[in-house]
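Dear colleague,

I am handing over the structure we spoke about, and my notes follow below it. Please read them with the structure open beside you.

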Amino acid sequence: MKSYGAMAGRYLKQQRRRSILTIVGIILSVALISALGTMGQALKDNMILNAKYEDGSFHIGFSKSTPELYETLKKHMLVDQLGIYRPGESTSLQGNYKVELGSVDEGALKLLPAHLQEGRLPASADELIVEQWLLDLLPGTPKLNGSAELNGPDGKPHAYRIVGIMNNQKITQLKGSSKAYTLMDPAHLIIDSKTALFLTFKPGVDINRQLTDFSKLSKDMFTNTNLLALMGESRDTGLNRALAIIFGTLVGLVVLSTVAVIYNAFHIAVLERIRQFGLLRTLGASPRQVRNLVLREATVLSVIGVPLGLLIGWSGLWLVLSLMAKGGMKIMMMEKFQLTFHWWIIGGSFVIGFLAVYLAAWLPARKASSVSPVEAVKGAGSIVRESYRRLRIPSVLSLLGIEGQMASNNIRRNRTKFRITTFSIVISIMLFIVFHYFTQQTLNLTTTTNEDDRVAFQLTRNFFSDDTGKPQQASDIVSDDKMKQLRELPGVYGVYGKYQSIDPQALVPDKQFKNDFAKKTDGQFEQVKWNGQSNKVVYSRLMLYDEARFQEAAKYVISGTADPKKLSAADGVLLIQTVKPLTVAGKKEIMPLTRYKVGDKLTLMTDYSKMPTAKQVREVTVAGILTQSPFDAAYQENSLVIIAAKPTFAKLLEAIPKTDYLNSYGTARTGIDVALKDGADSNLIKQNLEEIARSTPGSRLIDIAAEQKETRNFNLQMQIFVYSFLVIIGVIGSLNIINTVQTNLLLRRREIGLLQAVGMTMGQIRRMASAEGVWFGVIGSIWGILLGAGFSYFLYVQLSGVQGMPFEFPWSASLIAGGAALLVGLISVQGPLRRMEKANLIEELREEA
Amino acid sequence: MNVINVDGLSKSYGKGSTQVNALHDVSFSIKQGEFVAVVGASGSGKSTLLHMLGGLDKPSSGYVHIDGENLYALMEKQRAVFRRRKIGFIFQSYNLIPVLNVEENIQLPLLLDRRQPDQAYINDLIHTLGLHERRKHLPSELSGGQQQRVAIGRALAYRPAIVLADEPTGNLDSANGREVLELLKLAVRQYHQTVIVISHDMNVAAEADRVLNMQDGKLINDTSSGGRGI
């Protein structure tokens, strides 16, 4: 031994179990901190990439240009990439579809959101790229590398070779019009008032400061607002700040819990050795030397734990991501996901890890250094003079007999120890609740969760009036048998019928209306008298669901039932009364519109005349309330969604005048939605549907399989991340509790030996220790839940800056965390108790006598 | 030459009616190379006196001079350094550092001072104490008598001005107790150490050059060598 400092290593080796536990705690915390940082950065990167994917990667653009403007920009020092886009004439295709062929230069192809599925970008003015769904509609139904005649930039028809196929977009399919791109002849660039220019700035340019200068070049400047906002280059920095606060808070909480775990470990390690520190002091160690000894232990632990934590955090994240990539998922909807190595995250986690350990070890080190040498020499077992506090209120624990009374005395006799123990349980519970809340909200924010996500194909049919102007009577697009066949195809998750909906007005009695809604939005509702009551007229959408849809709806029921048989038996409907309006504050917010309960009567007026009459007013019963719409948009802005089964829907249809076009649709199945299982191969299903579409006049197939797959993958990835985070948090919390409870007990080995000596049975000791453990759990849970809810609310305030939503008390997380704390506490006392049982009673008593 | 000068030393604990006078106006001096026993009933103040001599606790009044240094005029840190260099402690319950082996325990005071031990002296000490075969053993692998010999070695390692021993034979059987006592006497003879022993053990008092008798915090009797009794 060269120096007294080497004693630190000896102590750590001697207490191998605790040292390992502490190192594991440090590793997990550092891993979590670095993973959180990386994920936060990845989330931001992802949002930027997403914005680029959707809106293009240009920073600013000019909607009209002149050759002078083009030359200025081309030579501008700050401009990195420059692109030209000139819209063309549109070409009408069969079935009312349109395609517009725009010409671009090579720069614009990089800056605009054109994403190739197959093939390549156009390389000459005779080549074009087009969305995949248009291929079937182009004259001659060409394939890749085929050719088609379209109106060229000059307005005249021209033959083009199709060299690339772009991903299908839902919106262009629904609109029935799409864009195709061809290359502008570089030798004859047409720069006129129809031409738009797009550009990016060079890296490192403070874009925000340049915006004013560039807007002076032309009044037709526009910005890629979303992208600039995400890059922190717009005047509205709200999102970036909210993200920083949220991730800062989460990292702060992890640091706090790390400090708690390590503080605990050190505090108890110091308490156990108080005599030895006293001894060192009598031998002439200065307080500083004793303090350094403890800090040296901290150094050894962090030198081992922090780098390992960084390694594990990084490689763990890498492993999860590469496994997902192997599973054929696109990470975060990105074509190519690379886990970018950010030095600031690694460096930051490193520094934070060390700081946390030193912070945690500081107080115990000071305590060790202030040990009085006399105390050690006097040979008192414990340095802590325990002041027994007599509480006026008898503890609930006293009800548990002598063991309970002993337990309550033990808990009360040392406030510091009590505080430390509960503190670490509180931290663990709080951490879990906050992370649970945050991850659930992130899931809600980043993933649209609705059954529509699974829908990959839609088959629809339009009905036209016949020659006399009388609407055609609708019939089922697909028979029940065919539906069954489709459902049995491999990879099909569900096949749902689509029906014409009715938009009746709901007469909502004033007492059923949520005044909050009126206060937060400036929505006005008409007042109408009906049945002697004052009612608000609320627009609503009445949907007809088939059995398959009701089955999915059951997942969203908050109260009541979604069983179609029960519904039709009593004219029951499902109601979605949660809406997401734009508030006066200019933010989307989720809130209830009305306060209906299961069993309430809902009055519907099916005609649009002002005054309700008995002829067109119907009553239905609310049989079930859903959190959100299972299909279509999850939330309406300011209207109710009512879902009925066929018999009820038919009855309501009767209240509509016979001449109304709605009656010609009746309850016919006008379309179907086909939902796929995750990872299913869509080709066979597509072939089947194409066959139906061909044999059914007026029908068409909308293919959104690619888009759907990406959405589902993204949702799945988010869930994997969220739940792995929660598992790590759970492990950290449990470690913390195990560490505290076990050492708390091991410190009292001698005392428990004494209790055995005076005749307490091991069973009684076990009951006493368990009662203590449970009590710590109860107190810890109460505070943990309170603080957890508080911090969750704080995060909610930050998150609602991104998107409005109601605050929900984190009940489920509280329940899980509280229950787990009690369980972990109870289980972790068993190990030390068993060891004590085996140990020699006399040895325990003699130790340190 | 006096190595210890104690003058009007008093120590009281508590206040008012609960005040306890552990030491009351104690004065004496000890010469270098003396083997002194402090005897007295339980609660007579002998342990408190030892703490004062070791600079572990502060007196209410009075002075302790060791090797000419006023112990309680020193700062806490200086006193720690002083203790390290000038005072060797031996306790009833050995109080060895469990994670250090025999040799390391003995060298500890030097290591605390960041000094490389004089290996020849340490070896001599270990041989004298009969521990040469146990050099690399941990305290838990030693008998009580051996542990106490390690403690003596540690107390002598720095060649301190005084060695303070608090009931050094209290936990030992008579054979081992005798051996420890012989070693302490050897220290006085061989290394010209000053040793002060607190003890109930009449054998210890009988072996001492001088016996200080304490009662109720006061020094009631001071017999010099050759007295062979009180």
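At what angle do helix α24 (residues 762-799) of chain A and helix α25 (residues 811-838) of chain A pack, and how far apart are their axes? Before I answer, please keep in mind that this is a predicted model. The two helices pack at an angle of about 155°, and their axes lie 9 Å apart. Because angles over 145 degrees count as roughly antiparallel, α24(A) and α25(A) are roughly antiparallel to each other. The crossing in which α24(A) passes α25(A) is right-handed, and the residues of this contact comprise 12 nonpolar, 10 polar and two charged.

Turning to chain B, six strands make up an open sheet of mixed pairing, in the order β6-β7-β8-β3-β9-β10. At its edges stand β6 (87-90) and β10 (218-223) of chain B, and since each has a single partner strand, one side of each is left without a neighbour in the sheet. From one strand to the next the twist averages 20°.

Within this sheet, strand β3 (residues 35-40) of chain B runs parallel to strand β8 (residues 194-198) of chain B, and four bridges join them; B:A37, for instance, has B:V197 in β8(B) as its bridge partner. Two helices of chain B pack on the sheet. Helix α1 (residues 46-54) of chain B touches β3, β6, β7 (162-166), β8 and β9 (210-215) of chain B, and its direction makes about 150° with that of β7(B). Helix α6 (residues 174-190) of chain B touches β3, β7 and β8 of chain B, with a direction that makes about 155° with that of β8(B).

Chain B also has strand β1 (residues 2-13), which is joined by five bridges to strand β4 (residues 61-66) of chain B, the two running antiparallel. Here B:N5 has B:H65 in β4(B) as its bridge partner, and B:H65 in turn has B:N70 in β5(B) as a bridge partner. Strand β5 (residues 69-70) of chain B pairs with β4(B) over two bridges in the antiparallel sense, and these two strands form a hairpin with two residues between them, where B:D67 in the turn has a positive phi of about 55°.

Finally, there is the contact between the chains, to which chain A gives 21 residues and chain B gives 25 residues. On the side of chain A that touches chain B, α1 (6-14), α9 (274-282), α10 (287-326) and α12 (373-378) of chain A each supply at least two residues, and the residues of that side divide into 11 nonpolar, eight polar and two charged.

Notes:
Residues are numbered from 1 along each chain as its sequence is written. Chains are lettered from A and ligands numbered from 1 in the order in which they are written. This is a predicted model: local features need pLDDT of at least 70, side-chain atom pairs count only at pLDDT 80 or more; totals for chains, interfaces and linings use all residues. Two residues are in contact if their C-beta atoms, placed from the backbone, lie within 7 Å. Ala, Val, Leu, Ile, Met, Phe, Trp, Tyr, Cys and Pro count as nonpolar, Asp, Glu, Lys and Arg as charged, and the others, Gly among them, as polar. Two strands pair if DSSP finds at least two bridges between them. Axes are lines fitted to C-alpha atoms, for helices over the stretch in contact, and angles run from 0 to 180 degrees between N-to-C directions. Angles under 35 degrees count as roughly parallel, over 145 as roughly antiparallel, 65 to 115 as roughly perpendicular and the rest as oblique. A crossing is left-handed if the near helix is turned anticlockwise from the far one by less than a right angle, and right-handed if clockwise.
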